[in-house]
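Dear colleague,

Please find the structure below, with its sequence. My notes on it follow directly after.

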Amino acid sequence: MTTDDLERWRTEFPILASTVYMISNSLGAMPRRTAESLAEYAHTWATRGVRAWEERWWEMAREVGDKVGRVIGAPAGSVSMHENVTTAAMVALACVRPRPERNRIVCLAADFPSLIYFYRAQEVLGFDLTVVPADPDFVVPLDRLLDAIDGRTAFVSFSHVLFKTSYIMDAAAVVARAHDRGALVLLDGYQSAGIIPLDVTALGVDFFAGGCLKWLCGGPGTAFLYTRPDLLRTAQPRFTGWFSHRSPFTFDTGPVDPRGDAMRMMNGTPSIPAYYAALPGLEIIAAVGLDRIRARSKQLTARVFALAERHGFPSIATRDPERLAGTVAVNPPDALQVSRALKARDFVVDFRPGVGIRISPHFYNTVDEIDRLMVEMARIVEHRDYAADATVRSVVT
Ligand SMILES: Cc1ncc(COP(=O)(O)O)c(C=O)c1O
């Protein structure tokens, strides 16, 4: 792989012309073709009207799910589409019934809080939640997670890549323990899909959830759920609806006659425009290839570490490149203000409490951009040059 090979993709992402964009952990850059794809959506609706459902839209979740499947190593027909990962987790957990002797959900304190909120809310149904604590560096040691999985565990849900530290958990070891104890596993791959090579089939997970808006450059509104094909044949999610029905247009009010593919895991009318938005990013990620993306990512994250060290900025991120995914968090003094000052100057990064500024280069970023970002960060820190930017506020800090 040469650097130039990947740099030719830069023109596909308009924001790169004006911005050092390193926030793919949050919202990946929009591909140029996304505007065309959304225009196609509008044109279809305008000219075909309701006929669009039978011409493409009804099966579009399946179409997009299969494209996701190619990126995560899932076979055709095993990935369903949902609005967000919390909803995808709801669908997966809706396949599990708590029994007094097997009612435990195990997740991590380092998981994305939305999932923890959701699992805690399920205790009213008879589930019992164990949140495995993290160390001060926000990583959960593997043994601590393995020890938390016992014969009462029904459902283990954990992040493949921890969102604050980008630490890659040993998913295969957790799956082996969970299956040995008779529990199902949902792997949250939001911070792994699109930035590290993945093979959900080889990992043996029961469910794998993720979304398109971060490393898959697909915009908000499109998340996915892989269900292990043999589980899919019998899964009966309590959260269901007419899109999962084999013959939805009979409008039969008896029990659902479920489809045999991943659309069995769906429920009501899906968000069609979000699918149009997601397709170009999925196609680009598949065309570039996860091995090349990972190689470039390792080169760029290593450069961040080198420059952070040169400037004396601490980082709690692991130095083991095999355990680090796409993000390096660096923690200069007044990191929140520094991150805002950077953003105001078109160096787009974010801040998370405890870890500092998350820098998330993707395959379309360059070493030169890392160098410019770190020089700017050092300048802002040295001159405490953020008072002027104090008015910059946003929901995504
Ligand atoms: C690991 C992880 N899971 C889940 C989410 C978001 O979940 P949802 O799609 O439900 O908003 C994020 C968002 O940052 C995340 O990093």
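Five bridges link β7 to strand β8 (residues 223–227), and the two strands run antiparallel. Two strands are taken as paired if DSSP finds at least two bridges between them. Helices (H or I, at least four residues) and strands (E, at least two) are DSSP runs, numbered from the N terminus. Within this pairing, A209 is opposite L225 in β8.

Please note that this is a predicted model, in which local features need pLDDT of at least 70 and side-chain atom pairs count only at pLDDT 80 or more, while totals for chains, interfaces and linings use all residues. Residues are numbered from 1 along each chain as its sequence is written.

On its other pairing, β7 is joined by three bridges to strand β6 (residues 184–188), and these two run parallel. The bridge partner of L186 in β7 is F207.

Strand β7 (residues 207–211) is mostly covered, as five of its five residues are buried. A residue is called buried if 20 or more other C-beta atoms lie within 10 Å of its own, exposed if 12 or fewer, and partly exposed in between, with C-beta atoms placed from the backbone. F207, A209 and G211 point one way from β7, F208 and G210 point the other way, and all are buried.

These strands belong to an open sheet of seven strands with mixed pairing, in the order β2-β8-β7-β6-β5-β3-β4. Its edge strands are β2 and β4 (128–132), each of which pairs on one side only. From one strand to the next, the twist averages 20°.

Four bridges connect β2 to β8, and the pair runs antiparallel; M81 stands opposite F224 in β8. Helix α4 (residues 60–72) lies across β2, β7 and β8 and runs at about 115° to β2. Axes here are lines fitted to C-alpha atoms, for helices over the stretch in contact, and angles run from 0 to 180 degrees between N-to-C directions.

Elsewhere in the sheet, strand β3 (residues 104–108) and strand β5 (residues 153–159) pair in the parallel sense over three bridges. V106 has V156 in β5 as its bridge partner.

Turning to helix packing, the axes of helix α12 (residues 290–311) and helix α14 (residues 367–382) come within 10 Å and cross at roughly 25°. α12 is therefore roughly parallel to α14 (angles under 35 degrees count as roughly parallel, over 145 as roughly antiparallel, 65 to 115 as roughly perpendicular and the rest as oblique). L300, R303, V304, L307 and H311 in α12 meet V367, I370, D371, M374 and A378 in α14, where contact requires C-beta atoms, placed from the backbone, to lie within 7 Å.

Two loop residues also deserve mention. Most residues other than glycine have a negative phi. F138, in the loop between β4 and α7 (142–148), has a positive phi of about 70° although it is not a glycine. F138 counts as buried because it has 20 C-beta neighbours inside 10 Å. C217, in the loop between β7 and β8, likewise has a positive phi, near 55°. With 28 other C-beta atoms within 10 Å, C217 is buried.

Yours sincerely

Terms used
Contact = placed C-beta atoms within 7 Å.
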